Amino acid sequence: MDLKIDDLKISEYTKNILHELGFTEVSDLEGLDYISLTQKFPFKRHYIASIIQELNAAGYLLPPENAVTIYDVPMSQRLLHILERNYIFYLSQLSLCSKEEHARMRNLGERTMLEMEEICKAHGIELRSIQSIKENMAPYDLHFRSIHFEGLYKYKISTFDELNKLTTQNLHMICQQDYNDTMKMYFILKDNGITFQAWEDQYLFEILSRKIAKTLDRRYRIYTVSQLCSCAEIFIDSMPPSLLPSLKKVLEDYS
């Protein structure tokens, strides 16, 4: 029988972070290290950084094999402190963010940026720009903003066809967890022929009309099928009659 996260002798804080990331059993962490865990949740590296030392000490999240830490390489104290402040502890992490995102790190001036690039070059780590992604997407009317391109970079999406690798949950993260923005981008991409991958849940705009999905968001803060299915029947029945036929069908289909 698998050991549960809740049974581990770790802090409640770390348990809560693991639950938020979707881990309930120790086996879920098998084969993961700090870098691969960060790659699975590219927008939550500050959460992961806050629990790695405890998990490492407990033996549940091993250090990356043959990874070069920022402490193994000579660098200025300025650059070291910048990397630490941004939860970057291994050089290979630097390739997970674009040049544009690195440039926005506080106190990273032109001279320190050049130092970082030279260190990466010496260790075979490529730093890339989002400019090539912008150019590849330019022929399509996708209405992407810079923040969206940053998200695509994190999910290793560089061409239009690679958008088919995304789930709508990925899209939600790319849109900074803005539900309305996600809904808007979802229909733009669908209109351009993109087919999203299945995931363990569904957003209601995937199966209901935009109007109903917006109403459920605005009035009740209900976004997903699982949220809807967890609502009490009396609560569902109190909703406007115009919504009930569609909602009852969803509940019937997913019960």
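## Close-up views

**Figure 1. Leucine 127 lies in the loop between helix H7 (110-122) and helix H8.** The model is predicted: local features need pLDDT of at least 70, side-chain atom pairs count only at pLDDT 80 or more, and totals for chains, interfaces and linings use all residues. Residues are numbered from 1 along each chain as its sequence is written, and side-chain values use heavy atoms, with hydrogens and water left out. Helices (H or I, at least four residues) and strands (E, at least two) are DSSP runs, numbered from the N terminus. Is leucine 127 buried or exposed? Leucine 127 has a relative accessible area of 12%, so it counts as buried. The cut-offs are these: buried means under 20% relative accessible area, exposed over 50%, and partly exposed in between (1.4 Å probe, protein chains only). Serine 95 is 32 residues away along the chain, yet its C-alpha atom is separated from that of leucine 127 by 5.4 Å. Beyond its neighbours within four places in sequence, leucine 127 is in contact with Leu94, Ser95, Lys99, His102, Met116, Glu117 and Cys120. Contact means heavy atoms within 4.5 Å.

**Figure 2. The whole protein chain has 15 helices and zero strands.** The C-alpha trace spans about 65 × 50 × 30 Å along its principal axes. Of the 255 residues, 45% count as buried. Take the contacts between residues at least 6 apart in sequence: 51% of these join residues at least 24 apart.

**Figure 3. Helices H5 and H7 cross at roughly 80°.** Their axes come within 10 Å. Axes are lines fitted to C-alpha atoms, for helices over the stretch in contact, and angles run from 0 to 180 degrees between N-to-C directions. H5 and H7 are therefore roughly perpendicular to each other. The angle classes are: under 35 degrees roughly parallel, over 145 roughly antiparallel, 65 to 115 roughly perpendicular, and the rest oblique. H5 brings Arg78, Leu79, Ile82 and Leu83 to the contact, and H7 brings Thr112, Glu115, Met116 and Ile119.

**Figure 4. The loop between helix H4 (52-58) and helix H5 (77-85) holds threonine 69 and asparagine 66.** Threonine 69 is buried, at a relative accessible area of 18%. A polar atom of its side chain lies 3.1 Å from the backbone nitrogen of tyrosine 71. Such a polar contact is a pair of N or O atoms within 3.5 Å; within protein, one must be able to donate a hydrogen and the other to accept it, and residues adjacent in sequence count only if both atoms are side-chain atoms. Leaving aside neighbours within four places in sequence, threonine 69 is in contact with Phe89, Tyr90 and Leu91. Asparagine 66 is exposed, at 73% relative accessible area. Although not a glycine, asparagine 66 has a positive phi of about 60°.

**Figure 5. Tyrosine 140 and phenylalanine 160 form one of the 16 aromatic pairs in the structure.** Their rings are stacked, at 3.9 Å centre to centre and 10° between the planes. Rings of Phe, Tyr and Trp (its six-membered ring) pair if their centres lie within 6.5 Å; planes under 30 degrees apart count as stacked, over 60 as edge-to-face and the rest as tilted. Why does this pair tie together parts that are 20 residues apart in sequence? Tyrosine 140 lies in the loop between H8 (131-137) and H9 (146-154), and phenylalanine 160 lies in the loop between H9 and H10 (168-174), so the pair links those parts. Tyrosine 140 is partly exposed, at 34% relative accessibility. Phenylalanine 160 is buried, at 10%.

**Figure 6. Tryptophan 199 and tyrosine 203 form a tilted aromatic pair.** The centres are 5.1 Å apart, with 40° between the planes. Both residues are buried. Tyr179, Tyr186, Phe187, Phe196, Trp199, Tyr203, Phe205 and Tyr223 form one aromatic cluster. Arginine 210 lies over the face of phenylalanine 187, at 3.9 Å from the ring centre. A charge sits over a ring if NZ of Lys or CZ of Arg is within 6 Å of the ring centre and within 35 degrees of the ring normal.

**Figure 7. Helix H12 (residues 210-220) has buried residues Ile212, Ala213, Thr215, Leu216 and Asp217.** Which helices do the buried residues of H12 pack against? They pack against H11 (179-191) and H15 (244-254). Just after H12, arginine 221 takes a positive phi of about 55°.
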